[in-house]
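Here's a quick briefing on nonpolar packing and ring pairs. Have a look at the model first, then read on.

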Amino acid sequence: MQVNKDSLQELVTTLFQKAGFEYEQAHTLAAHLVLANLRGVDSHGVSRVKTYIERVRSGMLNIGKEYEIERDLPSSCLMNGKNHMGILLATDAIQLAVKKAQATGIGMVGIKRSTHCGMLADYVSYAAKHDCVAIAVTNAPPSMAPWGGKDAFFGTNPFAYGMPVANAEPIVFDMATSVVARGKIRLARKNSQSIPLGWAVSKDGQPTEDPAIALDGGTVLPVGGPKGYGLAFFVEVLSALMTGASFGPHLGSLYEKEEQDVGQFFLVYKADLFVELDEFKRRIAQMAKEVKANPRADGVEEIFLPGEREDKEKAKRLKEGIPLSEAVVSELEEVAAYYGVAMDRNLLKM
């Protein structure tokens, strides 16, 4: 089913309002999730609505408590998220990091006692649009064994960066340090689809194409083998050990009735720390142009910049609509029915 971006965002905003969030909070959550769908990152899109709202309904998410700022310095601070919605915490954190960077040159914000914060690309893009370079990381519940190990210890531990470019949208890169985000495996199970070999192994360490087997005690694999493991290790240090959040197997699950205590870390610095802003942005644009002009290998139609595929997918989905599976649409209908919200599929269609 191809759905209209604005109609979908309005519906999801309403559902979060019904769950108890204020309008601005609900709008921020909806905009973030719909943006993930627009960029083709469906595992972090509106398929998360039911899970998030179930945590609210079960009392496992404190939507009424404000976070606290701890260890506040001119260039850095620590946020105690108090088990609030991770997307809202991370949104405030990147805005605060940008303000500190604009004032001092560099801004660093860490978060403890957070929850799943969605798609990191959204946050680094915000910083880039404010003429800053940004790095964002978050840890996640255990789903990946250390290289050479058998039991899950690290999460998918994503890493993202963003930077401004002259006369163009920011360059934004967002990746899991595992071969694939575990949410994509969950979405495959939800949609009754198989997964490619090389994404995950069973609890016995055997390669599998069955998402249910991968999720039932199995583990995802690190991208690049030991290199991905090394990156995941450092993400854990920045997001959890530096902030005081839980690490590795000590994190709570998004799908169980327990506090998660996820950690996040944002590093932002002004793009003109060393050269003039216009020169920096021009040189990024020049490098991007030269990269794309590089002679292509056989069978390659286009060389993409980091994040360019997602930008193209966003343009396509804005025009043609966001594809939602029957399983995801049914979940939205289930949540809407619980709150007595009328949901007409025809009004969602392009």
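Leaving aside neighbours within four places in sequence, which residues is Val46 in contact with? They are Leu8, Val12, Leu33, Val34, Asn37, Leu324, Val328 and Leu332, where contact means heavy atoms within 4.5 Å. Keep in mind that this is a predicted model, with local features needing pLDDT of at least 70, side-chain atom pairs counting only at pLDDT 80 or more, and totals for chains, interfaces and linings using all residues. Numbering runs from 1 along each chain as its sequence is written, and side-chain values use heavy atoms, with hydrogens and water left out.

**Nonpolar cores**
- Val46 joins Phe16 and Phe21 in touching the most other members of the largest nonpolar core, which has 65 residues (a core is a set of buried Ala, Val, Leu, Ile, Met, Phe, Trp, Tyr and Cys residues joined through side-chain atoms within 4.5 Å).

**Aromatic rings**
- Phe153 and Phe154 pair edge-to-face, at 4.9 Å centre to centre and 65 degrees between the planes (ring centres of Phe, Tyr and Trp, using its six-membered ring, within 6.5 Å; under 30 degrees stacked, over 60 edge-to-face, the rest tilted).
- Phe154 counts as buried, at 5% relative accessibility (buried is under 20%, exposed over 50%, partly exposed in between, with a 1.4 Å probe and protein chains only).
- Ring pairs link Phe153, Phe154, Tyr229 and Phe233 into a cluster.
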